[in-house]
Amino acid sequence: MPRKRKDDVVVESSPFLNLSEVDPDNPKTCRGNFLTFDIDWADDLVIEDTIDLVEKADVNATWFVTHKTPLLDRLRENPKFELGLHPNFNNLLAGDSQNGSSVKEVIQRLKDYVPEARCLRSHSLCTSTKVLQLMPELGLTHESNLYIPPESTMELQPFRIWNGVVRVPHGFEDDLFLLSAETKSAGFKNHMKMFLQHGGARVFDFHPIHAYLNTENIARYEETRSIHKSPHELIYQRYDGEGIRDALKTLMKLG
């Protein structure tokens, strides 16, 4: 049976929700699993590899976009996917205006590529009152910059702030997980299983580069930086043990 567009019917077959569906006034939308990706300027073949994995699992996902790529059209064609913005304010903070001379300009440049975007998560999780205040003006309704690690044992709950923007905390981020000896000691697959037992909003954040490499530690990522844009060479550096790719596949299977 062909899949229908989101505008035609609410897709209910996936165990995952998209971030823009969260409504703090409707508790049912604030509990469950949310799969998100920060594409982080990855090569198209690297991003496409992750898209293939997610489409095979046939689950919902929110993709935070960093740049213009032909793959945006492919992502738009899947009714279970939504596109969000992943602005990079790091250059602006360093006094470099090459990515935009103001917070608004940095966001607007991305919004021009993804005019339908409603969700925002900044690169490096950089945010401020100014960013949050600008969001409604730019048609953005949901933000996911708050990272609260599983070690906190908190049940994560989305909430609405003064201007109506909904903030949706995330409790798993692959690169930060790789830096955490406490969580990694549980094993990649087991960690997914444990986090899925938490209540509230279980928001997962992955990066295609780590899925492609099946990264098991930050050293593998750092040591391969020079070939991150050469996927045919990079594939030979994929870890053959338990890594982030395995964690993602386990999540989509069990979620």
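I began with R202, which counts as buried at 14% relative accessibility, because buried means under 20% relative accessible area. I noted that this is a predicted model.

Next I looked up where R202 sits: the residue lies in strand β10, residues 201–206. I then checked R202 against K111. The two are 91 residues apart in sequence, and their C-alpha atoms are 27 Å apart in space.

I turned to strand β4. This strand covers residues 81–85 and is mostly covered, with 5 of its 5 residues buried. I sorted its residues by direction. F81, L83 and L85 point one way from β4, while E82 and G84 point the other way. Both sets are buried.

Which strand is joined to β4, and by how many bridges? I found β3, residues 61–65, joined to β4 by 5 bridges, with the two strands running parallel. Within this pairing I looked up F64, which stands opposite G84 of β4. G84 is also one of the buried residues of β4.

I found a patch of positive charge on the surface, where K56, K189, K193, K249 and K253 gather. Which helices each supply at least two residues of the positive patch? I list α8 (188–195) and α12 (244–254).

Is K189 buried, partly exposed or exposed? K189 has 36% relative accessibility and so counts as partly exposed, since that class lies between under 20% for buried and over 50% for exposed.

Terms used: Residues numbered from 1 in each chain as written. Predicted model: local features only at pLDDT ≥ 70, side-chain atom pairs only at ≥ 80, totals over all residues. Heavy atoms only, no water. Patch = residues over 30% accessible without salt bridge, like charges linked within 9 Å, V, L, I, M, F, W, Y side chains within 5 Å. Areas by Shrake-Rupley, 256 points an atom, 1.4 Å probe, with all protein chains shown as cover. Salt bridge = Lys/Arg side-chain N within 4 Å of Asp/Glu carboxyl O. Lys, Arg positive; Asp, Glu negative; His and termini not counted. Charge placed at Lys NZ, Arg CZ, Asp CG, Glu CD. Helix = DSSP H or I, 4+ residues; strand = E, 2+ residues; numbered from the N terminus. Buried < 20%, exposed > 50% of the residue type's maximum accessible area, 1.4 Å probe, protein only. Pairing = 2+ DSSP bridges.
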